[in-house]
Every structure is written in C-alpha cells, then in structure tokens.
Amino acid sequence: MLSFDNTQIAFAHRSDRELQKAYLLFKMINSNALVSFGKNLTNIALKLHLPIDWAVKPTIFSHFVGGKDIDECRKNVRLLEKAGVKAILDYSVEGKESLADINKAMDETLRTINNAAKDGNIPFAVFKPTAFTTHSVLEKVSAKMELTEDEEKEAENFRMRIETLCRTAFENDIPILIDAEDSWFQNFIDEVVYHNMEKFNKEKPIVFNTFQMYRHDRLESLRQAYKTAAEKGYYLGAKFVRGAYMEKERARAIQMGYPDPIQPDKASTDRDYNAALKFCIEHLDRISLFNGTHNEYSSRYMTELMAEHGVAKNDKRCWFSQLYGMSDHISFNLASEGYNVAKYVPFGPVKSVLPYLIRRAEENTSVAGQTGRELSLITKEKERRKTKS
Ligand SMILES: Cc1cc2nc3c(=O)[nH]c(=O)nc-3n(C[C@H](O)[C@H](O)[C@H](O)COP(=O)(O)OP(=O)(O)OC[C@H]3O[C@@H](n4cnc5c(N)ncnc54)[C@H](O)[C@@H]3O)c2cc1C
C-alpha cells in the first residue's frame, strides 16, 4: 500500500538548516495565541507603514512562498523538478480591486502562462477570479441583482479579461485552473468559466473549474457540469478542494438569514469529496481531475481508484496537488511512486501576499490540526538524519 511515511523522500529537497528553520516556524505557528498576536502586529505595522519585509521574508514568506516574482521562483521550481514534482506559479496578491491592481494581476497572470509554455516543469497556470473585477460586481451578478450602467460595463470587462486569460492559455497549450472563492461570487464565476470551457475545451481540457466540496450542492453541480459537457461536446476540467472559507461562509449565512451553504459537518465534506473523485475516475473519458488536498486519505483513495480502473499512475488526466511548504510527505512520496504531482507555488511582493500567509498560519495552528503532523514529520526526519551521521 502507498505510504506517506518516508520522510527521507519527503524532505530530500531541504538542507539540515532549512529543516531546522521549518521546525522552528511550525513550532511558532502551532500556538494560536502567537498567530493571532502576529496577525495583529502585522496589521498595525501595515497601517503605520512600518517596514516588515525583514521579519517576514526570511521566515514565513520563504517557507510558504516561492519568491516575490516569477524570476525569484525559478530556483524553487528547479528544486521541485529534481524530485519529480511539478510547479504551478500562483500570483497570490489578494483583496485588491483598483483598475491598476486588476491590470497588474492581468499582466502577471499572462506572464505566468507564457512562462509555463517555456518551462517543462510548469504544467498549469492558475488565477483567482476576484483579482479581475470588484467584489460588488461579482456579488450583484451572482445574485441576479439589477446593475447600474457602469456595473454592466464592469461585468463585461470581467468576462473579457477571463476570456483573454483562457484564450492565451489555449494558444499556449497550458491548462488553466480557476480558483473558487466565496459562494456569493461563485454563480457569476461559474457562468464565465463554463462559457470558456465550451469555447476552449473542445479538443482537450484547458479550462478547469474548482469545486469546493464543503458546499453541500457541489456534488450535484459536478454531475450537472459533466452532463452539460457531454451534451455540448467538450471536456470538463475539474479541480477539487474542500474549501478555505468555512467560518466566513457560516457567519454570513447567519448574519443575513439564509441557509448555510456549507455541509453540516466534516464527515459530510469528506464523503462528498471522495465521491467526487470516484465520479471523475469513472468518467475519465470526458473529465480531467485535479485533486488539491493535504488529506492523506483522499490522496491515497484516488490512487486506489486509479488502480481499480486500470488508470496509469502518470495518466495525464489525473493530478495531485498540495501547497508549497505544506504536506511535502504527500507530494514527494506520490511523485516518487510515479504519480503526477504539482505544488501550488505562490508568489508576489511580501506585503501583498500577507493575507495568503495569514491564512496559511491560521490553517496550521494547533486547532486546525495540520501543524502537529508537519512537526512530527520534521522531527522524525531530523532524528533519522542524526542517527545516519
Ligand atoms: C492545491 C490546492 C489548491 C487550493 N485551491 C483552493 C481554492 O481554489 N479555493 C478554496 O476555497 N480553497 C483552496 N484550497 C484550500 C482548500 O480548500 C482547503 O482549505 C485545504 O486544502 C484544507 O483541506 P484538505 O482537503 O487539505 O484537508 P482536511 O484537513 O481533511 O480538511 C479541512 C477542510 O475540511 C472542511 N471542514 C472542516 N471542518 C468542517 C466542518 N465542521 N464542516 C464542514 N466542512 C469542514 C474545510 O473545508 C476545511 O478546510 C486549495 C488547497 C490546495 C492544496
């Protein structure tokens, strides 16, 4: 049976010094109190325009982020390549809505597509749809609310921007993953994504939508997307995640008095997540599948489904993915077994990727539960190296 326990494989790309740094980092973010203290301190420093790069760049940034720009990521892409792991460069600047920021996100994302076309170790491009218009337009169109003339124009701009990105991906033969975000933006995003799938996925899957399986309606939405793709004669690109915004989703639903879009419990999310993987492996004739998870069971389960259905480990329709700096034991052990694995490698200026970093820190606290696993794996590898030398 596939094992994720081999820490020698998992951490081969980290020197002793880097391993110790990772150990100290996870020790630090293991504490909820420290994480929320760090978050408050960072917010204050940002408000006062105090320099914070010196503290963030060599620590949490260098662990979870590939670099401040595409060039700075190259070294890390090559390190991953040595271990048979691919990279997906992700411009991770969040929460900006000005036209200048939208144009900057456009330029950077187009550059990632062109860069991927030249780099054999970068099989996908990716973007966050919220980087390409205002939140209010995404929300109003999603809720079918009436728009002003300016908002109509902005909605059209969003459609055009996403089509430009998908067309560039198509012309460069680089599949493009479109992240999922808050549910109240998603109807409009889905509409635009499926429009582009219909246009660019006729020969093979280029455009991928993301299904957040913590939403109780997404399994049905996957079945529907498959049915529509079959009827209209295109390939469905399907990326799966559990979903990153559960607390925000639940709080908004309570505050505004509508039914919670999130599953009642973790077991229901897990059930639908794994059912979605099964559905895709059973319909690989038309679906390509991107399994974005740090969950060991869901990663192993997909390998079992592939074996059961006689799908080769390196079948180009089946991908596994984890975030840079997390769950290396899954990524590197899967890759060493011959599966297609790609790490999401975020990049961006230090200040602009802070929301991403804060999310990673919060997700890795002792309450969220990931850190215990990371720490014990790093400790195990430190011990192994000590006894070897
Ligand atoms: C490559 C990659 C790409 C990603 N892209 C996106 C993206 O586009 N959009 C996005 O939203 N997230 C994205 N994420 C983050 C992802 O949604 C998860 O937050 C994260 O991966 C943790 O889930 P898990 O499957 O790894 O692990 P697990 O630790 O098994 O699951 C944790 C997740 O389970 C769900 N959960 C926890 N408790 C409950 C509960 N009580 N009830 C219901 N559900 C619960 C939540 O979604 C939580 O994040 C991405 C992650 C990866 C690895």
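The text below takes up the ligand shell, then the cavities, and ends with a helix.

The model is a predicted one, and every value given here is computed from it.

**Ligand shell**

The ligand is surrounded by 26 residues, and the closest of these are Arg 242, Gly 243, Thr 269, Thr 293 and His 294.

| Residue | Side-chain atom | Ligand atom | Distance |
|---|---|---|---|
| Arg 242 | N or O | oxygen | 2.8 Å |
| Thr 269 | polar atom | nitrogen | 2.8 Å |
| Asn 295 | N or O | oxygen | 2.8 Å |

Of the 940 Å² that the ligand exposes when taken alone, the protein buries 86%. The elements that contribute two or more residues to the shell are the strands β4 (207-212), β5 (236-241) and β7 (318-323), together with the helices α11 (246-256) and α12 (266-282). Among the contributions to the shell, the largest share is that of β7, which supplies three residues. By class, the shell consists of twelve polar, eight nonpolar and six charged residues.

**Cavities**

Two cavities of 30 Å³ or more are counted in the model. The largest cavity has a volume of about 50 Å³, and its lining is made up of Asp 90, Tyr 91, Val 93, Ala 105, Thr 109, Val 126, Phe 127, Lys 128, Ala 131 and Phe 132. Two or more of these lining residues come from each of β1 (86-91), α6 (99-118) and β2 (125-127). The lining of this largest cavity divides into seven nonpolar residues, one polar residue and two charged residues.

The second largest cavity holds about 30 Å³ of space. Its lining draws on Phe 11, Arg 14, Phe 26 and His 63, on Gly 325, Met 326, Ser 327 and Asp 328, and on Glu 374 and Ile 378. Here the classes are four nonpolar, three polar and three charged residues.

**Helix α15**

How many of the ten residues of helix α15 (residues 354-363) are buried? Seven of them are buried, so the helix is largely enclosed by the rest of the structure; buried here means under 20% relative accessible area. The buried residues of α15 are Leu 354, Tyr 356, Leu 357, Ile 358 and Ala 361, and with them Arg 359 and Arg 360. Both Arg 359 and Arg 360 count as charged, and both are in the buried part of α15.

Key: Residues are numbered from 1 along each chain as its sequence is written. This is a predicted model: local features need pLDDT of at least 70, side-chain atom pairs count only at pLDDT 80 or more; totals for chains, interfaces and linings use all residues. Side-chain values use heavy atoms; hydrogens and water are left out. A residue is near a molecule or strand if one of its heavy atoms lies within 4 Å of it. A polar contact is a pair of N or O atoms within 3.5 Å; within protein, one must be able to donate a hydrogen and the other to accept it, and residues adjacent in sequence count only if both atoms are side-chain atoms. Accessible areas come from the Shrake-Rupley method with a 1.4 Å probe; for residues, only the protein chains shown count as cover. Helices (H or I, at least four residues) and strands (E, at least two) are DSSP runs, numbered from the N terminus. Buried means under 20% relative accessible area, exposed over 50%, partly exposed in between (1.4 Å probe, protein chains only). On a 1 Å grid over the protein atoms alone, a cavity is a set of points where a 1.4 Å probe fits but cannot get out, and a pocket is an open set with protein on both sides within 12 Å along at least five of seven lines; lining residues have an atom within 4 Å of a point. Grid points are joined across faces, edges and corners, and a volume is the space filled by probe spheres set on the points.
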